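I opened my notebook to look up where the ligand sits.

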Amino acid sequence: MKFSYISHLYCPKCSEKYERDKVQQLCKCGAPLLVKYDLHSLAAQWKPDDLAGRRNDLWRYHELLPVADESNIVSMGEGMTPLIEMLSISTNIGINHLYMKDEGIIPTGTFKARGAAVGVSKAKELGVKEFAMPTNGNAGAAWALYAARSGISSTIVMPEDAPKITRNECAISGANLYLVNGLISDAGKIVGKAVEEYNLYDVSTLKEPYRIEGKKTMGLEIAEQFDWEVPDVILYPTGGGVGLIGIYKALRELQELGWINKEKMPRLAAVQSEGCAPIVKAWQEGKKESAFWDNSETLAFGINVPKALGDFLVLQAIYETAGCAVSVSDQALLEEQKLISQQEGLFICPEGAAAFHAARKLRNEGWIKKEEKVVVLNTGAGIKYPNTVSVDVPILEPNESIKPVTIM
Ligand SMILES: *Cc1c(COP(=O)(O)O)cnc(C)c1O
Ligand SMILES: [Zn+2]
């Protein structure tokens, strides 16, 4: 058996094919490229039981990942995150089987590590020496740290008001880091100029084909963790939409392999913030692509993406699974974040909290039924966003005394 069953790259817009053993960026037509695997020969040789005893991270699915030679893998043990049953919030929301896939415990504290692990490993395999990227923070932090581990140099540009912790992660990893007095779209323009001038590898969201393959593993894991019986609904906080496109791709590949039921797809729900909801607007209008969202603003900065390059793929995944797109206010997601900390002991990120609030909304509207099996992606750790919590507690003098909550 081969380590990877990668066959070639193709354009989902114009169907043009590209070679797998060369550095590739966008299609000539400007669309992102996707990876195609030789699923036919893989299906004949690979069965779910073969996963038993494999490493407990995303590389357990190496046949369905693009890295051809195992020695190129750059890993920190990312993946195989827990699927946690929400014991109390499930009752509170009124969904009997509500689960959270917790990406907060992955290296660098967000699921961006999945894309970085696979993207950087493949870059290493292709002989890349330096890459450049714009970021809202989490992706830059993950790619900078995986780059450091791989020996590849990274140049990263992020908005000045991206979360300080992600700036620090890039800085300590030795990345060539710049801050821009502007938005991620401004950072993107600056990176674009440098990429052209210095012929750098551009790893902006979806401008290289492998980040999506890393994020795809969330879908593979959900299927495996439910013993190859997929849930009814998956809610995903959507910025660039890479995770959602990836989960959809994973489930289609598993159907082709015959590992999950061909008749059943989970309904995929894209969750955005009311301050930046281009996918929601496009979905409501029945469009195939989104329009640039002016003056976007949300404290869930991971989903502050005014126009995603892969918007047509996100919308396609929603339409083809009878899914939906829903937006949530910053205030609502903060309240949800607090409730989940208090009732479940889970300090989730604002993006994950938005997805839980969306589950609540969709349950209230009847779009989600009480008896359905529902998975919410918590894409990162709450501790990466210390500023979303306001703390108002008494400060004591050394001689003052305190009272417990319950007096026995
Ligand atoms: C990047 C990010 C998202 C959005 O991810 P996409 O796959 O680009 O839509 C959601 N949550 C967090 C914490 C992020 O960092
Ligand atoms: Zn094309």
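I began with a term: on a 1 Å grid over the protein atoms alone, a pocket is an open set of points where a 1.4 Å probe fits, with protein on both sides within 12 Å along at least five of seven lines. A molecule sits in one if more than half of its atoms lie within 2 Å of its grid points. I then found that the space taken by ligand 1 is the largest pocket.

This is a predicted model, where local features need pLDDT of at least 70 and side-chain atom pairs pLDDT 80 or more, while totals for chains, interfaces and linings use all residues. Residues are numbered from 1 along each chain, chains are lettered from A and ligands numbered from 1 as written, and side-chain values use heavy atoms, without hydrogens or water.

Next I looked up the shell (residues with a heavy atom within 4 Å). I found 17 residues around ligand 1, with Lys112, Tyr236, Gly239, Gly241 and Thr379 the closest.

For polar contacts I looked for N or O pairs within 3.5 Å. A polar side-chain atom of Tyr236 is 2.6 Å from a ligand 1 oxygen, and the side chain of Thr379 has an N or O atom 2.7 Å from a nitrogen of ligand 1.

Last, I checked the domains, whose bounds come from an automatic or database assignment. Domain 1 (6–74 + 110–202) and domain 2 (83–108 + 216–383) both give shell residues, so ligand 1 lies between them.

Technical notes
Polar contact = N/O pair within 3.5 Å; in protein donor to acceptor, adjacent residues only side chain to side chain. 1 Å grid on protein atoms, 1.4 Å probe; cavity = no way out; pocket = protein on both sides within 12 Å on 5 of 7 lines; lining within 4 Å.
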